[in-house]
Amino acid sequence: MAYFPEVAEKVRYEGKGSKNPLAFKQYNPDKVVGEKTMREHLKFAVCYWHTFKATGSDPFGLPTMVRPWDSATDPVQRAKDTMDAAFEFISKLDVDYWAFHDRDIAPEGENFSESCKFLHELVEYAEQKQKQTGIKLLWGTANLFSHPRYQAGAATNPNPDVFAYAAAQVKHALDATHKLGGAGYTFWGGREGYDTLWNTDMKQEREQFAHLLHMAVEYAHEIGFKGQFYIEPKPKEPTTHQYDSDVAACLNFLREFHLMDHLKLNLETNHATLAGHTMQHELRAARHANALGSVDANTGDELIGWDTDQFPTNIYTTTAIVLEILQMGGFTTGGLNFDAKVRRQSHTTEDLFYAHIGGMDAFARGLEIAHAILEDGRIQAIVDARYAGWQGKFGQKILHETKNLADCEDHVLRHGEPTLTSGRQELLENIINEYIL
Ligand code: XUL
Ligand code: CO
């Protein structure tokens, strides 16, 4: 059965002039930009949880999305139908990757063993689907935040029994990811933080979190899983404060607990803005620490101010994101995972296509603009000129030879007031717009 009859075979590139809402206007998968095709640069992934499992419910209202793949009474059958729908959709969208949580693809059973049995069955089903379609797994993860047992966190829970449950779940989620050839495994610490410090031993909780990550690294080694581990920063929601709040906090955490060699970061645009940063800032900070791994591509709403997980359509933002990715030399294990959901009123299956097509087109355009900006080199030249003093004799001396404040004083006494130079912000913004417009 076809769950998505609106697209007969595949969404195709029709170019800028096309008025077909079910065609790409910018994303031409085979177009070469620099040294790679758009498909190879962007490595899009469809996320399982929002796209196939979201119902449109919000804190104020009931579900609006009644999906045909969600109608069977038996939960395992429902999970298989959902997987049929997922692989049909991803194939028709012509995307190469997917991402999932254990509990997205298989239902929770009566007890842990039954949950594992269901997961195992669905992983085998997914393996066949991957073989049939050629779609690959970008990353897997465990849902350690939805079930009531995780109300006070998973790895950071005050109760070691819950820690053990979470660790056992991670073990199976890692097995699942490994079996499906996942290129990565993500930790998003949904409730790894606190609601109130009055009841929290923060030191103890952070140590527990690190302990679980070390155990996961060790288990991966044991089973031969070579994929990249990621940690996904987010400052709050559902907790008041999450320990992996932003890139800086994650890097500090990874360094403190000797995990830098084992984990990179999976950065999400809406999480960056919730943390009070631009996505450009977060990507830059991670890139400079050699810790930029993958991207959850979405966007927030400036006025609503919570994690709305909207599809990215802003070319300015996609350009900034792709610039950072190009400057790190492109993705290796990572990709652009649409951790994004259609709005509550966009409850039809066509809306799922429109949303992804819009996001893919926005990133394709961002890629072309970012590539052109780098080729042109004018922006880099302005930045280089701004720091040129540090390459000069005195700059180098200050960095490498002059160790004391008195030498600096001597320089000031000889040279007087420093010359002011323009930061050229408006000029730089104009250059970016030359490419965008
Ligand atoms: C939540 C979020 C998650 C992670 C995976 O805000 O982004 O979906 O990406 O657990
Ligand atoms: Co995410």
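A polar contact is a pair of N or O atoms within 3.5 Å; within protein, one must be able to donate a hydrogen and the other to accept it, and residues adjacent in sequence count only through two side-chain atoms. The model is predicted: local features need pLDDT of at least 70, side-chain atom pairs need 80 or more, and totals for chains, interfaces and linings use all residues. Residues are numbered from 1 along each chain as written, chains are lettered from A and ligands numbered from 1 in the order written, and side-chain values use heavy atoms, without hydrogens or water.

View 1. Asn 111 caps the N-terminal end, with a side-chain oxygen 3.3 Å from the backbone nitrogen of Ser 113. Just after the helix, Gly 134 has a positive phi of about 80 degrees.

**View 2. The buried side of α5.** Buried residues of α5 include Phe 118, Leu 119, Leu 122, Val 123 and Tyr 125 (buried: under 20% relative accessible area; exposed: over 50%; partly exposed: in between; 1.4 Å probe, protein chains only). The buried residues pack against α3 (75–93), β6 (97–101), α4 (102–105), β7 (136–141) and α6 (160–179). Lys 129 also sits in α5. At 15% relative accessibility, Lys 129 counts as buried. Its side chain makes a polar contact of 2.8 Å with that of Asp 84. Beyond four places in sequence, Lys 129 is in contact (heavy atoms within 4.5 Å) with Met 83, Asp 84 and Phe 87.

**View 3. The cobalt site.** Glu 232 (OE), Glu 268 (OE), Asp 296 (OD) and Asp 339 (OD) coordinate the cobalt ion (ligand 2) at 1.9 to 2.1 Å. Donors are N, O and S atoms within 2.8 Å of the metal (3.2 Å for Na, K and Ca); water is not among the atoms, so sites may look incomplete. The site is octahedral, with angles of 80 to 175 degrees among six donor atoms (six donors, opposite ones over 155 degrees apart, all others between 65 and 115). Along the chain, the donor spacing is E-x35-E-x27-D-x42-D. Glu 232 lies in the loop between β10 (228–231) and β11 (241–242), and Asp 296 in strand β13 (residues 292–296), so this pair ties together parts 64 residues apart in sequence. Glu 232 and Asp 296 are both buried.

**View 4. Surroundings of ligand 1.** The residues around ligand 1 (a heavy atom within 4 Å) include Trp 49, His 101, Trp 139, Trp 188, Lys 234 and His 271. Glu 232, Glu 268, Asp 296 and Asp 339 are also among them. A ligand oxygen lies 3.1 Å from an N or O atom in the side chain of Trp 49. For Glu 232, the corresponding distance is 2.7 Å. For Asp 339, it is 2.7 Å.

View 5. The peptide bond from Glu 237 to Pro 238 is cis, with omega near 10 degrees. Pro 238 is in the loop between β10 and β11. Asp 94, in the loop between α3 and β6, has a positive phi of about 65 degrees although it is not a glycine. Asp 94 is buried, at 14% relative accessible area. Asn 290, in the loop between α10 (279–288) and β13, has a positive phi near 55 degrees. Asn 290 is exposed, at 65%.

Methods
Tetrahedral: all angles 85-135°; square planar, octahedral: opposite > 155°, others 65-115°. Helix = DSSP H or I, 4+ residues; strand = E, 2+ residues; numbered from the N terminus.
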